[in-house]
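User: I would like to go through the labels used for this model and the grounds for each one. Please set each value against its cut-off.

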Amino acid sequence: MPVNDEHDRTAKEIYLDALDRPSQEREPYVREECGEDSRLQAEVLNLLASDTSAPSEFLAPTPMQDALFQSAREKAEHPTHLPNGHQIGRYRVESVLGEGGMAVVYRAHQDAPVNRDVALKLIKPGMDSAAVIARFNAERDTLAMLTHPNIARVFDAGIGESGHPYFVMEFVIGKPIIEFCDEQRFDTRARLKLFVQVCQAIQHAHSKGIIHRDIKPNNVIASGNANEPLVKVIDFGVAKATHPGAGAGVTLHGELVGTPEYMCPEQADSTIRDIDTRCDVYSLGAMLYALLSGSLPFSRTTFAGLDSAQIRQIILEREPTRPSSRFEDSSDSDAIAQARATTPASLARQLRGDLDWIILKALEKNRERRYASVTEFVQDIGRHLGDDPVQARPPSHMYTCAKFVKRHRIETVICMAIVVALSFTTVGLWKDYGTAKQTIENTLAVNTILQQVLHPPAPSSRSRDTNVVDLIDRAAKELSGSNDVRPVVEASVRLTLGETYRYLEMYEEASRELSL
C-alpha cells in the first residue's frame, strides 16, 4: 500500500510499532492508537493483515521467517545474484560486495551525471514481504538523514526491474577497523584516536534519534594510512528510532537483533523494549575491548552450538574478564602485541588500569552503571590520553597522585629531590657542616641522575608509545648496570623509583626496587 500523505505516514508509524509487539497485542494497540479514526484504524489493520496471514498457532513462523522460507523456495527459479554488467537504472553491476539475510550489496558503476563507483543494495528475490520492505526502506531513510564524515552517505534510491527497491550508497574502500589497525601496526594510542572517530559517528546518529544496534568491526570500515586514517560506519539495517518519525526500522518481537559478541544485555532480553542509546555504548565497549586486546569479551566459540535462549543467558549473566587479563591469558599474545608495535609485557601494562576500567564501565550489565552517552565514553578516553583521572575509576589519593606524576614526571622528580635536599640540609645544620655538605652533594647527585635517565627523548627520536612506565623501567635498568654510583646515591634513586612504581600500582616492580 503506498504511503504518501501525512495521514498515511502516521498509519505506517503505527503499523511499524505494532509489528514490534507480540501478535496478540497488535490489534488492541492499533485500536488504542487510532482512537475514533476508523479510516486510519482500517488502514493499519490492513497493513498488519498482509503480514499475519500465516496460522497463529504457537511457534508459527514470523513474517520475517516466512520471507526467508519463500526466498529459499525461489532460489531454484531465480538467480540469487545479478550478473556482472546488469543495468539497474543508471548503475551497472560489477561484483558482489556482501550479502545479508534480506539483501545483496553490489559494487556498481555510475557513468552520468557523475562518474563514480557506488555500493548498490538490492532486496533479494522472494524477500518482498511488507515487513522486509519496511525495514529496507527504513534503513534507506535513516542513512539519508545522517550527514557525517564518518558515516557512509546515500546518493540515490529507486525500484529495480523486478519491482524490488534498491538504494545507492557511497562506495567505501577499506578494511574492517581491527584488520586495518593490525596491518598498520597501530599502537594503543593510535587505536584509541581512530576509535574516537567511530564514537563521533555514532553520537551523530544518536543526535538524529537513531540507535545503530549492530556496531561491530565489520560495520566500521577504515582506510587511509598511519598519518591520516579514516573510518566509515556502515549498515544501519537493524537501526531503531528513539522517537517517532526518526526513520529507523522494524524489529519483530522475539527476534534476536544484532551480533551476539557485541550485543548488550537489554538487547538480548526479549522482555525489554525500551532500548536506548546505551545499547550502542555497550557495543562500542565490546569493539574497543577487541581493538586493544585482540580478544572479545565473549569469544565466538563461547556461542558455538548454542540456541538463542542459551546465548541470551550468557549475555545477561556472565561477566567479562578485564581486557588486560584476557590478553595475558591469550595463546596469541606475542602476535597480538606485535600487531600493536609493542611487547606483551608492555601491552599488558598499557591495558591494566585506566583502559580496563573504561572498557568494563562501557560493558556494565546494568545500563544505569554504564556511560550515560557515547560523549561521556569519549570524554573518559580523552582523559586517559591526557593522563587525567578517568571517571570510570573511583578516585583515590594514590591514583590522583599517580596521574599527577604521569603528567609532570620531570617536575615531580625535581621537586622530590629539592624536598629531600632541604630536609637533610636542615638536619645537617643541627649536626655538623661536614654531614650537611655530604647530604647536599648526595641529593644533588640523585637529582642529576634522575633528570638524565628519566628525561624523555628528543622529539625526533621519541617513539609513539613512550610513557612514564617505559622511562622508569629504563631508569632502573641503567642504574643496575652502573658501577659509578655511590651506594647512598643508588639507595636514594631506588627509593624514588620504588615509590613511583607504587604510585602507578606496579607493586611487583616497587617491591624489587625497595628491597634492593
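Analyst: Two strands pair if DSSP finds at least two bridges between them. Helices (H or I, at least four residues) and strands (E, at least two) are DSSP runs, numbered from the N terminus. This is a predicted model, in which local features need pLDDT of at least 70 and side-chain atom pairs count only at pLDDT 80 or more, while totals for chains, interfaces and linings use all residues. Residues are numbered from 1 along each chain as its sequence is written, and side-chain values use heavy atoms, with hydrogens and water left out.

User: How do you know that β9 and β10 pair?

Analyst: Strand β9 (residues 220-223) is joined to strand β10 (residues 230-233) by 4 bridges, and the requirement is at least two. The two strands run antiparallel. V220 has V233 in β10 as its bridge partner. Between β9 and β10, which form a hairpin, there are 6 residues, and G224 in the turn has a positive phi of about 95°.

User: Why are β7 and β10 called edge strands?

Analyst: The open sheet has 3 strands in the order β7-β9-β10, with antiparallel pairing. β7 (175-176) and β10 each have a single partner strand, so one side of each is left without a neighbour in the sheet. Helix α7 (residues 188-207) lies across β9 and β10, at about 35° to β10; axes are lines fitted to C-alpha atoms, for helices over the stretch in contact, and angles run from 0 to 180 degrees between N-to-C directions.

User: Why is F298 called buried?

Analyst: Buried means under 20% relative accessible area, exposed over 50%, and partly exposed in between (1.4 Å probe, protein chains only). F298 has a relative accessible area of 4%, so F298 counts as buried. F303, at 7%, is buried as well. Of the 516 residues of the protein chain, 47% count as buried. In helix α14 (residues 344-351) the buried residues are S346, L347, A348, Q350 and L351.

User: What makes F180 and F186 an edge-to-face pair?

Analyst: Rings of Phe, Tyr and Trp (its six-membered ring) pair if their centres lie within 6.5 Å; planes under 30 degrees apart count as stacked, over 60 as edge-to-face and the rest as tilted. The centres of F180 and F186 are 5.8 Å apart and the planes stand at 90°, so the pair is edge-to-face. Both residues are buried. F298 and F303 give 6.4 Å centre to centre and 65° between the planes, again edge-to-face. The whole structure has 5 aromatic pairs, and ring pairs link F195, Y371 and F377 into a cluster.

User: What makes a set of residues a nonpolar core?

Analyst: The members are buried Ala, Val, Leu, Ile, Met, Phe, Trp, Tyr and Cys residues joined through side-chain atoms within 4.5 Å. The largest such core has 78 residues, of which I177, F195, F236, L284, L288, F377 and I381 touch the most other members. Helix α9 (residues 278-293) gives the most to this core, with 11 residues. A second, separate core of 15 residues includes A11, L16, A18 and Y29.

User: Which residues does I381 contact, leaving aside its neighbours within four places in sequence?

Analyst: They are L192, F195, V196, L288 and I358, where contact means heavy atoms within 4.5 Å.
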